[in-house]
Amino acid sequence: MSSWRALLLRIAEKSPEYDGNTQYKDQIETCFGVVRRELSHSSDEILSFLLQCAEQLPHKVPLYGTLVGLLNLEDEDFARKVVENVHDDLQIALHSGNCNRIRILMRFLTVLMCNKVLNPSSLVVLFDTLLSSAATTVDEEKGNPCWQSCADFYITCILSCLPWGGTELFEQVPEEIDRIMVAIQAYMSIRRHVYDAGCSAFNYTGSTIQRDDEKDFLEDAWSRIQDLSDKDWKIDTVPRPHHLFEAQLVNGKPHDFFPLTCPDLPNPPTSTSWIACGKQKHEADLKYPCRIRRLKIFAPSKTEDLLPIDRFIVEEYLLDVLLFLNGCRKECASSLVGLPVNFRYEYLMAETIFSQILMLPEPPFKPLYYTLVIMDLCKALPGAFPSVVAGAVRSLFDKIEYLDMECRNRLILWFSHHLSNFQFVWPWEEWSYVLDLPKWAPQRVFVQEVLEREVRLSYWDRIKRSIENAPILEELLPPKGTPNFMYSSDDGDEKERGLSSELSRMVKEKLAIREIISWIEDQVLPSHGLDVTLRVVVQTLLNFGSKSFTHLITVLERYGQVMAKICSDEDKQIMLISEVRFFWKNNAQMTAICIDRMMGYRLISNVSIVRWVFSASNVDEFHVSDRPWEILGNAVSKTYNRIADLRKELPSLKKSIATATEAAANAEAELEEERSKNTLTLVDGEPVLSENTIKMKRLKSRAEKTKEQEISTRKSLEAKEALLEKAAYEIQELFILLFKSFSDALAGPLQETSGLSRLSGGEDEMAIDREEVDLDDDDDGQAQKSHSKRKDGYRVGEKEQWCLTTLGYVKAFARQYASEIWSFAERLDGEVVLRADPLVREAVYSGLRR
């Protein structure tokens with residue numbers, strides 16, 4: 001890497017490029033000196049790399065802005081090109097809806113204004129453009145309020161610029177900044193408050209906590225900016241390196257920024273129905289998502305010294321680093337612990353990362369990424385961050401009964417994975433009291449599922465040793481994952497054991513599949529019936545595949561046809577799944593893997609899995625185990641992924657058709673052109689017109705091949721479109737069955753519990769006592785709970801907890817697959833939702849954010 005690139009990249013870091021010097025002024029002067037010398041012959045490369053650094057290292061934007069300001073004094077043309085390039089990039093980002101790029105480029109423009117590179121009036125014009133678009137959008141007569149997410153995003157972009165340039169705007173154009181503030185206030189007065197219960201990580205049904213009056217993200221940001229304005233825009237959290245060069249920068253010539261245009265939004269739906277409006281709102285929320293949904297994990301005392309704006313700015317820094325350095329673990333951790341702020345922020349960093357892990361409807365990155373980040377931060381800050389993470393876990397554990405079901409599962413997966421990277425060390429004795437709770441208590445289920453996931457990541461004896469400080473918890477360990485093979489001893493039916501031995505012999509001798517099927521159809525089925533036949537086949541074949549995952553896949557690939565021949569309809573497939581569950585009853589992981597693979601090989605259908613999950617034996621486990629939910633989630637996910645993959649393939653095939661059609665047309669044109677060219681040759685001394693035979697053959701061959709390729713591609717597209725149509729119908733039927741199954745399963749229990757009305761505030765056994773459950777955090781970040789009272793009896797009855805858990809999964813499935821469900825929401829309403837219990841309807845609508 002050339003020296004100027006390294007200096008630009010490592011600015012504001014304690015790096016060898018700067019001899020370990022961390023003084024902003026010295027680093028900027030060093031970088032400026034090298035870049036200025038290179039401008040004469042590397043101007044374009046420097047411009048491109050500088051803009052790339054500003055976009056992807058946004059926590060260093062103030063330093064890059066000052067560098068451009070100094071370069072503006074030496075080379076105005078270069079600074080003008082910077083402004084023009086940012087203008088073009090921002091215009092493209094606005095029309096493509098690239099939210100992160102819009103926000104960062106606007107911040108960069110604000111910093112350029114602070115360094116006398118951009119006219120303040122040009123920045124104000126940009127603010128006016130976004131404000132005008134936002135106000136028009138939420139206007140019910142002129143705009144489309146369904147797209148309020150877009151309008152809110154534009155206002156958020158303006159607000160996020162003010163901490164970086166509010167002081168300069170207030171000094172240079174005070175009347176303009178006052179007008180902008182008044183306009184934002186006017187917008188805040190006409191927009192709708194956003195309370196998205198479907199994407200709230202906590203559900204405080206039945207508690208004394210009221211959340212309706214909480215500020216949404218934009219209202220919170222606006223209140224923090226107002227507080228900053230009241231303090232005359234004075235802030236220490238944002239670096240202001242341009243103050244170090246104020247005497248020089250004052251001589252710079254600011255450049256103008258040409259006006260931008262905001263993209264036109266879709267017209268309002270012609271129908272005023274909830275479904276028509278809901279589809280557009282869902283589309284808007286996907287394109288302009290909320291950047292963070294804060295979790296209040298720790299006590300306010302942990303961050304009480306921060307100014308209101310400090311939290312907003314540090315969150316911006318943290319989220320930017322997580323976003324732009326997601327492919328570089330070490331760089332990410334290093335940047336996270338080295339933010340340019342003058343106070344400790346470990347608690348705020350932990351809250352922000354956990355807010356991302358538990359963000360609904362989905363986090364920006366896979367949870368594994370945040371697992372690695374937390375692990376690296378624990379290693380980077382060994383004296384501080386591990387205890388902060390432990391405090392966050394304890395706080396979330398104390399509130400686990402209020403946590404959304406999807407968030408609870410994410411927390412289980414993260415925590416078990418996190419512990420696996422730290423020798424499974426945890427003070428389990430703190431949670432040993434959960435054994436005194438009923439088996440359906442969320443805290444007990446959480447510990448049980450964490451231990452089960454740890455066993456998957458290690459082995460049973462290792463996890464048993466890890467809880468030696470709380471041996472009582474051994475009761476919550478899953479069984480050792482041995483297969484439940486019925487014919488390994490003399491117990492059981494002698495005839496079945498003989499049939500199993502015969503089948504084992506056939507498998508060992510590698511007999512042809514047709515011979516095994518003939519033996520089953522001719523000798524086993526007529527004499528012993530379907531139940532015995534299926535049990536013998538499944539037990540015997542799965543026993544061969546029980547040694548490892550690879551053995552299982554091999555068995556299913558070679559002998560799947562045998563099972564498929566026996567289980568030709570859904571009822572028989574349900575029996576097959578039950579036999580798989582019986583064989584792997586001691587190993588939840590292998591049960592899920594086996595059923596998932598069987599669905600992949602088309603041995604069982606997704607419908608049969610749904611019907612099996614909602615059978616009586618599994619329904620009873622809904623509130624005490626994640627096993628049925630894991631299997632159901634895998635089936636729905638695999639079905640959805642099929643249709644998603646098909647949709648991704650169609651645009652590519654259409655492009656291929658266009659390319660093939662063009663190639664065929666060009667080949668045909670060349671052939672016709674060659675035919676029109678005749679050459680004179682002598683035949684028997686007479687001039688005769690003739691064709692260039694070799695070239696003509698080549699052109700004809702090429703024209704035929706390109707035409708065949710075009711026809712082949714069109715056929716492929718037609719086949720894919722047919723598959724997509726079939727898959728779309730299949731997934732509709734699956735979701736209709738899924739929510740119908742939920743509705744039927746919940747109908748009786750909800751009626752027996754009077755619709756969970758007691759959870760909303762009665763003074764009977766189901767009411768949550770204010771004195772017993774106090775959600776105000778103490779100094780250790782843990783909710784004040786009386787564990788001794790918990791031991792006397794859990795306040796939520798089993799049937800009520802079953803209803804709460806199942807309703808939580810209704811909402812989770814609706815939320816996770818909302819994009820697909822909205823395409824047939826009217827049908828779902830008519831066939832299922834409007835006929836279901838009001839609480840089921842509320843859960844579905846909440847998941848769809850309707």
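K330 is exposed, at a relative accessible area of 63% (exposed means over 50%, buried under 20% and partly exposed in between, with a 1.4 Å probe and protein chains only). D376, by contrast, is buried at 5%. Their side chains form a salt bridge at 4.0 Å, N to O; the term stands for a side-chain nitrogen of Lys or Arg within 4 Å of a carboxyl oxygen of Asp or Glu. K330 sits in helix α13 (residues 329–337) and D376 in helix α15 (residues 367–380), so the bridge ties together parts 46 residues apart in sequence. Helices here are DSSP runs of H or I, at least four residues, numbered from the N terminus.

A note on the source: this is a predicted model, where local features need pLDDT of at least 70, side-chain atom pairs count only at pLDDT 80 or more, and totals for chains, interfaces and linings use all residues. Residues are numbered from 1 along each chain as its sequence is written, and side-chain values use heavy atoms, leaving out hydrogens and water.

The structure holds 65 salt bridges. One of them joins E630 and R453 at 3.8 Å, N to O. This pair links helix α27 (residues 627–676) with helix α18 (residues 442–457), 177 residues apart, and both E630 and R453 are buried.

## Helix α33

Helix α33 spans residues 838–847, and its buried residues include V840, A843 and V844. R849, which follows α33, has a positive phi, near 55 degrees.

Methods
Helices (H or I, at least four residues) and strands (E, at least two) are DSSP runs, numbered from the N terminus.
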